[in-house]
Amino acid sequence: MINIKSASEIAKMKTAGRITGEALKLAGESIRPGMSTKELDTIIHDYIVSCGATPSFLGYGGFTGSACISINEEVIHGIPGKRKILDGDIVSVDVGAYIDGFHGDSARTFVVGKIPSEVEELLKVTEEALFRGIEKAVAGNRIGDISHAIEEHVRKYNFGIVKEYIGHGVGRDLHEEPEVPNYGKSGHGPRLYPGMVIAIEPMINLKGDGVRTLKDGWTVVTKSGTASAHFEHTIAITNDKPIILTKVD
């Protein structure tokens, strides 16, 4: 069942989204070569808690971090730990904050130092694809219109689209209906109505669509061993343009 949020519920989700976005911004400002992913996770955790919120991911399904921190070929669900962030890495950080009964969810891939031009293009195209999807997130359209817009943009550059992991509804639960794939046909899928809140999150690989999960049971990596980028916003469908709940200045 797709949950339609009231105006008061969306107002609460704006707070959760703001904290999520601020924590993600702080992560980007804090990343430096030589720090461990656990150190970065602690910074994110402490900020979310200082806002009176709870990290959405901490303990979720047994996950041990407050953020998913994934480096280079790691697509999503990287577990914070001893691994050091190095100059030349790309670091995908996925953050959620829970407050007053609702979640926010957002992700971004950050650059540490100098990276190859093809990886720079990967990040640029992935972020562009996110906003192509958001542009289609208007009342009367369907989920497939979002999915197709993302796929159409990404395929122009011959990058791979992760199909096993997708966007989703957000609300009182971190993951709700509907599913929001990053590929699909226009005019298909559930219709969008004002009050729906969804996370749109393209996960795009430099080469090939394929992914696999490491022995830790969490970390998803590209089968090709090449880089992957991840950008995500939580948005609310309105009678006008979509509201990006996790966007901060």
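Helix α3 (residues 117-135) has 19 residues, which at 1.5 Å a residue should span 27 Å, and its end C-alpha atoms are 27 Å apart, so the two agree. The expected span is 1.5 Å times one less than the number of residues. Helices (H or I, at least four residues) and strands (E, at least two) are DSSP runs, numbered from the N terminus. This is a predicted model, in which local features need pLDDT of at least 70 and side-chain atom pairs count only at pLDDT 80 or more, while totals for chains, interfaces and linings use all residues. Residues are numbered from 1 along each chain as its sequence is written, and side-chain values use heavy atoms, with hydrogens and water left out.

**The sheet**

- An open sheet is formed by 5 strands in the order β8-β7-β9-β14-β15, with antiparallel pairing; two strands pair if DSSP finds at least two bridges between them.
- β8 (176-180) and β15 are the edge strands, each with a single partner strand, so one side of each has no neighbour in the sheet.
- α3 packs on this sheet, touching β9, β14 and β15, and its direction makes about 10° with that of β14. Contact means heavy atoms within 4.5 Å; axes are lines fitted to C-alpha atoms, for helices over the stretch in contact, and angles run from 0 to 180 degrees between N-to-C directions.
- α4 lies across β8 and β9, at about 40° to β8.

**Strand β14 and its partners**

- Strand β9 (residues 197-200) and β14 are antiparallel over 4 bridges; A199 stands opposite T234, and V197 has A236 as its bridge partner.
- β14 also pairs with strand β15 (residues 243-244), antiparallel over 2 bridges, and a hairpin of 6 residues joins β14 to β15.
- In a regular strand the side chains alternate between the two faces of the sheet.
- In β14 (residues 233-236), H233 and I235 point one way and T234 and A236 the other, and all are buried (under 20% relative accessible area, 1.4 Å probe, protein chains only).

**Nonpolar cores**

- A nonpolar core is a set of buried Ala, Val, Leu, Ile, Met, Phe, Trp, Tyr and Cys residues joined through side-chain atoms within 4.5 Å.
- The largest core has 29 residues, and those touching the most other members are V119, L122, I146, V154, F159, I200 and I235.
- α3, α4 (143-155) and β9 each give two or more residues to this core, and α3 provides the largest share, 7 residues.
- A second, separate core of 22 residues includes I31, I85, A97 and V112.

Technical notes:
Buried means under 20% relative accessible area, exposed over 50%, partly exposed in between (1.4 Å probe, protein chains only).
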